[in-house]
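Trainee: Could you take one part of this model and go through it closely, side chain by side chain? I would like the cut-offs stated as you go.

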Amino acid sequence: MFAPDETLPRLDKTPTDLVLSGKTALVTGSTSGIGLAIAKALSFAGANIVLNGFGDKDQIRNSLQSLTDKDGRATYSPADMSRPDEINDMIMEAKTMFGNVDILINNAGIQHVAPVETFPPSKWDDILAINLSSAFHTSRAVFHDMRENGWGRIINIASAHGLIASPYKSAYVAAKHGIVGLTKVLALEGAEAGITANAICPGYVWTPLVEKQIQDQAEAHGISEDEVISSVLLKNTPTKKFAQPEEIAELCLFLCGAGGNSITGQALPVDGGWTAH
Ligand code: NAD
């Protein structure tokens, strides 16, 4: 009963093996940035993909095309992650199309920066709904099938702000700490059923979201974009570098493979040493 798992990774495997062939991965917020990189990596490893998120229709069509070019199977759901009814419809459609959701990546997220006394309550509600509650609704909808199948992977893209705080990010920090807590509960409830649940906690990752922030902050502070990067964004990052979205995707891929069988309930920083302070 307690023998090691038969499916431990073989070290002679090449990265191009379709290790996720036959599995279906739903990645929320995957029309750009980190989510899109994760969807591409899981597709490359053979998984069917459900893309989700907002954005330009042509760009979304191109992303979908790039996933299906090499015999991959993929679909797109425009479901709004702040709407539990749309989340449930998205999961039902994914199951109708592919049979199951085996891998759930809760990635959709938004940000708003303001002092707590002027923080708009509507922004608080939106951030809690999209960055935290959506992960409860998606997990709740896929958990039964994962348990029945004896296999599942839930990966929550949290943040270094799931482990530490910064000023002016009350809703974001609360939601990200919350999703780390949810991750631990899912890990405990799924442990005996072959379901793992982990949170990845990135520091600053070079995505359109961050690029936009740099321009905005440079204009707001009247300083150069280089100064924003060094004295605001990367001030507390020992490596003084942004991570690339593909680094987060590689970790997801690892957690979905046999090497991730015993990693569960963890909050894994990918933050250039930020939280080592
Ligand atoms: P991004 O803006 O490039 O991507 C966000 C994605 O979420 C997009 O696809 C967008 O359409 C989608 N989205 C937003 N609201 C949605 C909604 N209501 N319903 C469905 N989809 C919605 O941002 P990113 O930098 O790739 O961030 C992805 C995740 O990584 C977020 O949860 C973010 O908090 C987290 N994160 C990012 C960084 C970073 O530095 N970029 C650092 C730590 C954590």
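Mentor: Glutamate 225 is found in helix α7 (helices are DSSP runs of H or I of at least four residues, strands runs of E of at least two, both numbered from the N terminus). The model is predicted, so local features need pLDDT of at least 70 and side-chain atom pairs pLDDT 80 or more, while totals for chains, interfaces and linings use all residues. Residues are numbered from 1 along each chain as its sequence is written, and side-chain values use heavy atoms, without hydrogens or water.

Glutamate 225 counts as partly exposed because its relative accessibility is 41% (buried is under 20%, exposed over 50%, partly exposed in between, with a 1.4 Å probe and protein chains only). Together with Glu219, Asp226 and Glu227, Glu225 forms a negative surface patch (residues over 30% relative accessible area and without a salt bridge, like charges joined within 9 Å, nonpolar side chains within 5 Å). Helix α7, residues 225-233, gives the most to this patch, with three residues.

The structure holds two aromatic pairs (ring centres within 6.5 Å; planes under 30 degrees apart are stacked, over 60 edge-to-face, the rest tilted). Tyrosine 204 and tryptophan 274 are stacked, at 5.9 Å centre to centre with 10 degrees between the planes. Tyrosine 204 lies in the loop between β6 (195-202) and α6 (208-221), and tryptophan 274 in the segment after β7 (267-270), so this pair ties together parts 70 residues apart in sequence. Both tyrosine 204 and tryptophan 274 are buried.

In the other pair, tryptophan 206 and phenylalanine 242 have ring centres 4.8 Å apart and planes at 70 degrees, so they are edge-to-face. Phenylalanine 242 sits in the loop between α7 and α8 (245-256) and tryptophan 206 in the loop between β6 and α6, so parts 36 residues apart in sequence are tied together. Tryptophan 206 is partly exposed, with a relative accessible area of 30%, whereas phenylalanine 242 counts as buried at 17%.

Elsewhere, the whole structure contains four salt bridges (a side-chain nitrogen of Lys or Arg within 4 Å of a carboxyl oxygen of Asp or Glu). One of them joins lysine 95 and aspartate 145 at 2.9 Å, N to O. Lysine 95 is in helix α3 (residues 84-98) and aspartate 145 in helix α4 (residues 121-149), so distant parts of the chain, 50 residues apart, are linked. Lysine 95 is partly exposed, with a relative accessible area of 23%.

Methods. Accessible areas come from the Shrake-Rupley method with a 1.4 Å probe; for residues, only the protein chains shown count as cover. Lys and Arg count as positive and Asp and Glu as negative; His and the chain ends are not counted. The place of a charge is taken as NZ of Lys, CZ of Arg, CG of Asp or CD of Glu. Rings of Phe, Tyr and Trp (its six-membered ring) pair if their centres lie within 6.5 Å; planes under 30 degrees apart count as stacked, over 60 as edge-to-face and the rest as tilted.
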